[in-house]
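Please look through the structure shown here before reading the briefing that follows.

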Amino acid sequence: MAIYGVALLAACYLVGLVIGDMLGVVVGVKANVGGVGFAMLFLILLSNHGIDHGWLDKKAQSGIAFWSAMYIPIVVAMSSIQNVVAALKGGPLAIGAGLVGVTVAFAFIPIIAKFSGDKKEEVA
Amino acid sequence: MDILAIISKVFIKNGLVFSFMLIGIITFITYKISAMTKGKVHGSAIAIFTGLVLAYIGGITTGGSKGIASIPLFAGVGMMGGGMFRDFAIVSTAFGADLREIKKCGMVGVVSLLLGILSSFIVGCIMAYFMGYPDVVSMVTIGAGVCTFVVGPVTGAALGASSDVIAISIAAGVVKSVAVMILTPFVKDFVGLDNPKSAMIFGGLMGTSSGTAAGLAAVDPKLVPYGAMTATFYTGIGCLLCPSILYLAVKTIMG
């Protein structure tokens, strides 16, 4: 049943956030430290285990897949409730940071490719 | 009988359901626009940009700080786009990741992912510092936003950043995503983007799933799955590192 997948997702989410909150207390920041990341890690491990061992059937998977498909629409909704008016004064920052970030990332491609030594085609 | 009053009453009472319909319509229109650009700019980027425009309209007309949700009729969008649904949906995207595929990416994937997150994060932090947001939480949130438009708000929410800083972080991520889509075909020769391995490195460095997919599709559709494979992990690792280790690192450096 689809609800089994949704429940598994919810369990990963809640456990991840609890761990994130606890970690926040441990390291002394008033924040959820990496809770979403932990939750994703649990979901990867458990859903892979479930599919391999057959306890997470197609119906249950569809419960998770639905939320996964809702991700971009929810991000659209999230964008539309931000304080954009206040952010516009930081507009040049957003554009500048985004563009410089991309430029730096592009520059790294040939560097990593070179060090990983995968240029067989060129030899031939 | 005031039909308009009845309709708006029903829509306000069922705000979340109304927002599903509304976001669906926005998505439909923006993906049609994307098709008109022959997919050069991915529909999701246009949709998110439209969301930011709506947020601006909502804020400017009401003076409120919650974007389009400042208008009572659209308050339901605030629930759909709020922290709970957002994080829940983000976690669910990890479902698509296959452990065997992760292993296939190997060291190159891990190195490019870490370098991609670190370089974007550092660029964002430094630029935030010099452009009027010198406090640690804002720097980290904007740095995370340069990673992707999801890592930014997740980090910002975790650290308690203000809404305008979170909006900047989203905008920075959207700029990056759009820039990747548009620039990739032009720089492909300079950076040697013509084989699966460099596509995997590309995905790990850029991280934006939509930008990577659209950018690689414009170069060579055969490369898309390789780039998408590494990009899948970027947001998750970013959400893990930015509000934790990287935040603490910046906090330590800044004193």
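**Domains of chain B**

In chain B, 12 residues of domain 1 are in contact with 15 residues of domain 2, where two residues count as in contact if their C-beta atoms, placed from the backbone, lie within 7 Å. This is a predicted model, in which local features need pLDDT of at least 70 and side-chain atom pairs count only at pLDDT 80 or more, while totals for chains, interfaces and linings use all residues. Residues are numbered from 1 along each chain as its sequence is written, and chains are lettered from A and ligands numbered from 1 in the order in which they are written.

- The domain assignment of chain B gives domain 1 (1-81) and domain 2 (83-255), and such bounds come from an automatic or database domain assignment.
- The C-alpha centres of domain 1 and domain 2 of chain B lie 26 Å apart.
- On the side of domain 1 of chain B that touches domain 2 of chain B, the largest share, five residues, comes from helix α3 (residues 43-62) of chain B; helices here are DSSP runs (H or I, at least four residues), numbered from the N terminus.

**Contact between chains A and B**

- The contact takes 62 residues from chain A and 90 residues from chain B.
- On the side of chain A that touches chain B, the largest share, 19 residues, comes from α6(A).
- By class, that side of chain A has 44 nonpolar, 16 polar and two charged residues, where Ala, Val, Leu, Ile, Met, Phe, Trp, Tyr, Cys and Pro count as nonpolar, Asp, Glu, Lys and Arg as charged, and the others, Gly among them, as polar.
- A:Phe106, which is found in helix α6 of chain A, touches B:Val187 and B:Val191, not counting residues up to four places away in sequence.

- A:Phe106 is buried, with 21 other C-beta atoms within 10 Å; a residue is called buried if 20 or more other C-beta atoms, placed from the backbone, lie within 10 Å of its own, exposed if 12 or fewer, and partly exposed in between.
- Eight of the 10 residues of helix α5 (residues 83-92) of chain B are buried, so this helix is largely enclosed by the rest of the structure, and among the buried ones are B:Phe85, B:Ile90 and B:Val91.

Technical notes
Helices (H or I, at least four residues) and strands (E, at least two) are DSSP runs, numbered from the N terminus.
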